[in-house]
Amino acid sequence: MARAVTSRRKLINTTAAWAVGLLIFFPILWTILTSFKTEGQAIASPPIFLGFDWTLENYKTVMERSNYARFLWNSIIIAGLSTIIGLIVAVPAAWSMAFVPSRRTKDILLWMLSTKMLPAVGVLYPIYLLFIKMGLLDSRAGLVVVMMLINLPIIVWMLYTYFREIPGEILEAARMDGATLKEEVLYILTPMAIPGIASTMLLNFILAWNEAFWTLNLTAVNAAPLTAFIASYSSPEGLFFAKLSAASTMAIAPILILGWFSQKQLVRGLTFGAVK
Amino acid sequence: MSFKHTLRAATAMSLITATSAFAQDTTITIATVNNGDMIRMQGYTDQFTADTGIGVEWVTLEENVLRQRVTTDITTNGGQFDIMTIGMYETPIWGANGWLVALDDLSADYDVDDILPAMAGGLSHDGTLYAAPFYGESSMIMYRTDLMEAAGMEMPDAPTWEFIADAAAAMTDRDAEINGICLRGKAGWGEGGAFITAMSNSFGARWFDEGWNAQFDTEQWANTLNFFKTMMDASGPAGYATNGFNENLSLFNQGKCGMWIDATVAASFVTGDDSTVADSVGFALAPDTGLGKRSNWLWAWALGIPAGTAQEAEAKQFIEWATSKDYIELVAENEGWANVPPGARTSLYENPNYQEVPFAQMTLDSILSADPNDSTVDPSPYVGVQFAAIPEFAGIATEVSQEFSAAYAGQQTVEEALAKAQAITDEAMEAAGYK
């Protein structure tokens, strides 16, 4: 009897999980489907789900109109470098906060997080003027720095949480065996926190990839990433939903594939320490 | 060949190569909006480059993103763009601030006097042109001739709002999903805000009196909003409070609107391949109430040069090409007269080929009946038909239109929306030092 109840509950839970999953994924699925419709089919009412004439015309138009490779390359460089530099800065910071905390550590962590509470547009002009002075407008270097800085609080917070789960005694033992600080961080701490670091890296990469305020406002031609590519197909006066969907699909495809292949690491990292 | 000759030949070749490379290396950057005409222009850019040796880089953005982007750049002298696509709202303000290069030395071939006076006037400050119109638009009625006939009514060339409300009620068939009228109710100064402001002109309302006092507490504004809401509640589509240009275009093209009052450029969409009702569309002037002002707006997308650009000469060369009579001929030759950028030049409407386009005359009549310098029944201190050309307007009108949309959606009464609009506007104008 107890076994039957468990099975029923399992079935309900599985169905609910699938329903929530599909609900979350539906906007992406709809975007992908729309990208294969004509503009007329894209706005049809009632909406057409699958019974339409599939076409690649929108992808052809988008490829002809835009230099997709340039946008993609910029996205990879900006998201990739900002993530790597962010980790280089954040790992030692999170280590010191987790293993050598001071009385103000919690305050510092909260202060770091509070910088995320300021609406970005509030500092647009100061940052823009700084970029003009430093010659960084429309440069990948400038965007890498901005992306790294705006995501740094999240990286430090995540790593701090993961590091706190690692017993300090292990590091102490390493120190007693003569490990230097560098060796302790590189050969003991980092391998033990690999799932956490990997998920932090992936999440940060996704955040940097999707960021659309600074990337639109600080770029023009040379450093414009895929967010600018999508924005070029949005229009309040003209029905270009199918082309916009094709551009969006092309922009999210790399990150979707990356997320798909690394979902194990992501889930393991995000649930690290959740169950003891 | 001696060493000296070889050296000379090599030097000459280097110079030629360097010169041609220099000519081809000149590249201008243009910020523009994503609409059919602008995208079409990008397709012809190679011809401009082949003729002049000037390369062109396009930065295409959604209209509201573009506004924010170019405004940030020009106010900080960022220098990211050599040409900016701007409208009638920005041009006079930016021209007055000295942020744009005056277009007062265009060549004789360009024939600047051919630009429609209403467009040239709206893109000038103190009589100096600061941006060249690429295309211009007003607004007009697009209606279903078959539904109008079935309703036993005939659309006059210049109808009143009373007639429109009656016709909308007669054409509405909820069972067949046909709405008598589709209008913009979406929040945003360029969306529902633009429509209701243009409509209010025909009801004798205005944003400000001559002392820059807000006028939302007047009977004229109450009449405008009450008429709009009553008519749309009775004959408009469900959820009209969130409908903008695209939503209404989609409804009209699917045969779900009896009438649609919106931008004249939409005429080519509703009679195009994507429309299911292309063969039964008629056009008429935007309605009035007999007070002497109609409810149509006036707008142009124009190309302006930010002051301080290092490539002013090349930018001017591009603007002369892109807004010329020859460019219109080029598009007509390749894509037909119905697809040329409309509303900018007088000569286009004198062209017999263009006169055959079904909506050409009504577009011209609509443009000519809107005067940005005299848009209201009672005198007002501002320039602009569906906006007031002051820097504060965009922010104020966005907030006001949000209150109006909330009233359309039934979240508050018309009286409450108008009272809030009055308070928002008065406060902002006082803070800005107008009073």
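Modeller: Of the 276 residues of chain A, 33% count as buried. This is a predicted model. Chain A has 14 helices and zero strands. Along the sequence its pattern is α-α-α-α-α-α-α-α-α-α-α-α-α-α. Its C-alpha atoms fill a box of roughly 75 × 70 × 30 Å along the principal axes. Take the contacts in chain A between residues at least 6 apart in sequence: 80% of them join residues at least 24 apart.

Now chain B, which holds the pair. Chain B has 19 helices and ten strands. Its radius of gyration is 24 Å, close to the 22 Å that the globule rule gives for 435 residues, so chain B is as compact as a globular protein of that length. The C-alpha trace of chain B spans about 95 × 55 × 35 Å along its principal axes. Buried residues make up 49% of the 435 residues in chain B. Among contacts in chain B with a separation of 6 or more, 74% come from residues 24 or more positions apart.

Here is the close look. Two packed helices are described by the angle between their axes and the distance between the axes. The pair is helix H10 (residues 219-235) and helix H19 (residues 414-431), both of chain B. They pack at an angle of about 135°, with their axes 10 Å apart. An angle over 145 would count as roughly antiparallel, and 65 to 115 as roughly perpendicular. H10(B) and H19(B) are therefore oblique to each other. Their crossing is right-handed.

Which residues of H10(B) meet H19(B)? From H10(B) come B:Trp221, B:Ala222, B:Leu225, B:Asn226 and B:Lys229. From H19(B) come B:Val414, B:Ala417 and B:Leu418. By class, this contact of H10(B) with H19(B) has six nonpolar residues, one polar and one charged.

Last, the side of chain B that touches chain A. Here 25 residues of chain B are in contact with 24 residues of chain A. Three elements of chain B each supply at least two residues of that side: strand E2 (55-61), helix H4 (63-75) and helix H11 (245-253). That side of chain B has seven nonpolar, 13 polar and five charged residues.

Notes
Residues numbered from 1 in each chain as written. Chains lettered and ligands numbered in written order. Predicted model: local features only at pLDDT ≥ 70, side-chain atom pairs only at ≥ 80, totals over all residues. Contact = placed C-beta atoms within 7 Å. Helix = DSSP H or I, 4+ residues; strand = E, 2+ residues; numbered from the N terminus. Nonpolar A, V, L, I, M, F, W, Y, C, P; charged D, E, K, R; others polar. Axes fitted to C-alpha atoms, helices over the stretch in contact; angles between N-to-C directions. Parallel < 35°, antiparallel > 145°, perpendicular 65-115°, else oblique. Left-handed = near helix turned anticlockwise from the far one by under 90°. Rg over C-alpha atoms; globule rule 2.2 N^0.38 Å. Buried ≥ 20, exposed ≤ 12 C-beta atoms within 10 Å, placed from the backbone.
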